[in-house]
Amino acid sequence: MASPQGSRAPLEFGGPLGAAALMLLLPATMFHLLLVVRSGPARLLGPPPYLPGLQVLWSPRMLLLWLTWLGLQAALYLLPARKVAEGQELKDKSRLLYPINVLAGLPLGALPEMLLPLAFAATFTTFIFSLFLYLKALVAPASALAPGGNSGNPIYDFFLGRELNPRVWSFDFKYFCELRPGLIGWVLINLAMLMQEAELRGSPSLAMWLVNGFQLLYVGDALWHEEAVLTTMDITHDGFGFMLAFGDLAWVPFTYSLQAQFLLHHPQPLGLPVASVICLINAVGYYIFRGANSQKNTFRKNPSDPRVADLETIPTATGRQLLVSGWWGMVRHPNYLGDLIMALAWSLPCGVSHLLPYFYLLYFTALLVHREARDEQQCLQKYGLAWHEYCRRVPYRILPYIY
Ligand code: NDP
C-alpha cells in the first residue's frame, strides 16, 4: 500500500485548486469549440450559439459507439505485437514491456453530425475511467506511484494521476491511450470532414486537403515512431489520471480536428501560390521537428552511432551526456519549435478572417512553454551543474534570440 501522507514532490498545475479548475475548464473549452465552430460568426471569444441540453448531449448509441471504438483499439493492442519494446527503468529497477503495433481502418458514417454527443460520451467515460485509475492507484505499491500525483490531496491526485504505469496483466492503460484511440480518432474526424465537404460542395477544397494532409503526416509520424513515446515525460514522469486520459481520449480528437471542422462550416478560398508557401512552412516545421527528435533518440539509444558521434556533448554526473551542438545546440527545445511552426501551417489554410482556427496554435504555445518549464525543472534535478552549463551554452529555450 502507498503511504497515506503522499509524496513530497512539489505540486504542479496550481495544486488542488488549479487541478479542479482545469478539470472543469478543459471539457468546457472543448464543448465551446465544438459549438462555435459550426456557428455563423465562429467567434473564439464570443458566447456559444446555444447551450445544448442533455437530450442533445446524451446518447446511449454514441456511448456504445465510443466504447466500441475503444474496444476495437484495445483488441488491436492485444494482437500479437510486431515488436516488443522496453520502457525506461523504474524505481524498482525493472522495465515494463510495450507492444509496438498500430493502425486499423474503420468505416466512416455521418461523423460530423455526431461529434457533440460523441465528445460527451468521451468526456463522461474519461471521468469514470479516471475514477477507476484513482481507486486502482490507492492499492498500488508505493514503488508504482508517479513522482507527482501522490500528494495525498484526492482532487490533485485524481487530476494528475497517482500511479505511473497502471496495468492489468500486460495491458498498459497509459501507453494504450497515449497514441492510438485519440490520434487515429483525430484523422478519422478530419477525413469525415473532407468527405462531407466533397458531398456538400462537389469536391474537397484545397484548404481541406492541406489540413488533412499535414495532420495525417503528423499522426502517421507519431505512430511510425511509436516507440519514442516511451521516453516522453508523459510515460516516464507523469501519473495516469484525468489530465492525460482526458487529453489523449477527448481533447486530442475533438479539438485538434478543429481546423477541418472549421473549413467544413466556413469554406475558405486558397490559391496555389499561397498554398505552396503554407506547404513550405509545414515542410520546414516538420524538418526541424523530425530532425531534432531523431537526433536525440539516436543519441540516447547509442551515443556512438555515426550519425551523432561527431556532435559536441557535455558530460553529466549521471553518466549520460547532453548534446550541445546540432539541433540541440540551437535552442534547448528545437523539437517544440518545429512543432509550433507546423501548428501555424495547419491554421493558415483557414485564412485570417477568424481567430478560431488559430486556437490550436495559441493553446499549443501555452502548453509547450509550460511543458518546457516543467522539463527544465526535471533536467535541473537530474543533471544539476551540467544543466546550468548547458543553459549557459544554449541560452534560448524554444525560439532563437527571442525565447
Ligand atoms: P522531449 O523530446 O523534448 O524530451 C525532453 C528530454 O530530452 C529531457 O527531459 C532530457 O531527458 C532530454 N534532453 C533535453 N535536452 C537534451 C540534450 N541537449 N541532449 C540530450 N538529451 C536532452 O520531450 P517531450 O515529451 O516534451 O516532447 C516529445 C515530442 O512530442 C516533441 O516533439 C513535442 O513537440 C511533441 N509533443 C506534442 C504534443 C501534442 O499535443 N501535439 C504534446 C507534447 C509533446 P533525458 O536526458 O532523460 O533523455
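This is a predicted model: local features need pLDDT of at least 70, side-chain atom pairs count only at pLDDT 80 or more; totals for chains, interfaces and linings use all residues.
So, the ligand site: 26 residues surround the ligand, and the closest are Tyr256, Tyr336, Asp339, Arg371 and Tyr383. Residues are numbered from 1 along each chain as its sequence is written, and side-chain values use heavy atoms, with hydrogens and water left out.

Okay, who builds the shell? Helix H11 (272-301), strand E6 (321-323), helix H12 (334-347), helix H13 (359-383) and helix H14 (385-393) each put in at least two residues, and H13 gives the most, with 8. Those helices (H or I, at least four residues) and strands (E, at least two) are DSSP runs, numbered from the N terminus. Domain 1 (1-267) and domain 2 (268-403) each supply at least three shell residues; the domain bounds come from an automatic or database domain assignment.

By type, the shell has 15 nonpolar, 4 polar and 7 charged residues. Here Ala, Val, Leu, Ile, Met, Phe, Trp, Tyr, Cys and Pro count as nonpolar, Asp, Glu, Lys and Arg as charged, and the others, Gly among them, as polar.

Now the polar contacts, meaning pairs of N or O atoms within 3.5 Å. Asp339 has a polar side-chain atom 2.5 Å from a ligand oxygen. For Lys296, a side-chain N or O atom is 3.1 Å from an oxygen of the ligand. Leu323 uses a backbone N or O atom, 2.9 Å from a ligand nitrogen. And how much of the ligand does the protein bury? Of the 920 Å² that the ligand exposes when taken alone, 86%, by Shrake-Rupley with a 1.4 Å probe.

Next, cysteines. With a disulfide being a pair of cysteine sulfur atoms within 2.5 Å, the count is 0. For Cys279, the nearest cysteine sulfur belongs to Cys350, 14 Å away. Cys379 has Cys391 as its nearest, with the sulfur 8.6 Å away. Cys379 is buried, at 7% relative accessibility, while Cys279 is partly exposed at 32%. Buried means under 20% relative accessible area, exposed over 50%, partly exposed in between (1.4 Å probe, protein chains only).

Last bit, backbone. Most residues other than glycine have a negative phi. Phe13, in the segment before helix H1 (15-36), has a positive phi of about 55 degrees. Tyr401 has a positive phi too, about 65 degrees; Tyr401 sits in the segment after H14 and is exposed, at 72%.

Definitions and conventions: A residue is near a molecule or strand if one of its heavy atoms lies within 4 Å of it. A polar contact is a pair of N or O atoms within 3.5 Å; within protein, one must be able to donate a hydrogen and the other to accept it, and residues adjacent in sequence count only if both atoms are side-chain atoms.
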